[in-house]
Amino acid sequence: RHFEVTDASVHDSQMIDFLLDEHNTSADVWADSAYRSREREQQLAREGYRSRIHTRGRKNRPLNARQQKANHKRSQVRARVEHVFASQAAMGGQLVRTIGLARARLKIGLNNIVYNLRRWTYLQGVAA
């Protein structure tokens, strides 16, 4: 329902608080390992969310088999969301060449609308 546009100096993981929606019917939070930290896990638990954030390996401490299997299961769910980004990149949304955040927000917002309309049209065709 909402999105946020920031300049390139802001890492994606810094926007997670904005993206969490208390009106969402699911308490699951799906994200890649860049979002995982001990503090983040504790915050999500305090706020009633279930973390489905990937586990990351560390130098000289690779993921064990259980962690790899859990990450694989998470990736299967997250793949659907990643297709949205790939589709938008194919529509020219990979690179935003605008001056100012207002114009970038408009361009990304329009890309979101176009993606949603294309997806809706596809789903209507499948349902028929």
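Domain bounds here come from an automatic or database domain assignment. On that basis, the protein chain splits into domain 1 (12–94) and domain 2 (96–127), with C-alpha centres 22 Å apart. The model is a predicted one, in which local features need pLDDT of at least 70 and side-chain atom pairs count only at pLDDT 80 or more, while totals for chains, interfaces and linings use all residues. Residues are numbered from 1 along each chain as its sequence is written, and side-chain values use heavy atoms, with hydrogens and water left out.

**Overall layout**

- The protein chain holds 4 helices and 2 strands, where helices (H or I, at least four residues) and strands (E, at least two) are DSSP runs numbered from the N terminus.
- Along the sequence these elements follow the pattern α-β-α-β-α-α.
- Taken along the principal axes, the C-alpha atoms fill a box of roughly 40 × 40 × 30 Å.
- Of the 128 residues, 22% are buried; buried means under 20% relative accessible area, exposed over 50%, and partly exposed in between (1.4 Å probe, protein chains only).
- If you look at contacts (heavy atoms within 4.5 Å) between residues at least 6 apart in sequence, 33% of them join residues at least 24 apart.

**Salt bridges**

- The whole structure contains 6 salt bridges.
- Asp28 and Arg50 pair through their side chains at 2.7 Å, N to O, linking strand 1 (residues 28–31) with strand 2 across 22 residues of sequence.
- Asp28 also meets Arg52 at 3.5 Å, N to O; Asp28 lies in strand 1 and Arg52 in strand 2, so this pair ties together parts that are 24 residues apart in sequence.
- Asp28, Arg50 and Arg52 are thus members of a salt-bridge network, in which Arg50 is partly exposed at 41% relative accessibility and Arg52 is partly exposed at 28%.
- Another salt bridge joins Arg36 and Glu41, whose closest N and O atoms are 3.4 Å apart. Arg36 is partly exposed at 23% relative accessibility, and Glu41 is partly exposed at 21%.

**Two residues to look at**

- His54 sits in the loop between strand 2 (50–53) and helix 3 (65–93), and counts as buried because its relative accessibility is 10%.
- The His54 side chain makes a polar contact with the side chain of Arg78 at 3.3 Å.
- Beyond its neighbours within four places in sequence, His54 has contacts that include Ala31, Asp32, Arg36 and Arg74.
- Ala89 belongs to helix 3 and is partly exposed at 27% relative accessibility.
- Ala89 and Arg56 are 33 residues apart in sequence and 26 Å apart in space, C-alpha to C-alpha.

Technical notes. A polar contact is a pair of N or O atoms within 3.5 Å; within protein, one must be able to donate a hydrogen and the other to accept it, and residues adjacent in sequence count only if both atoms are side-chain atoms. A salt bridge is a side-chain nitrogen of Lys or Arg within 4 Å of a carboxyl oxygen of Asp or Glu.
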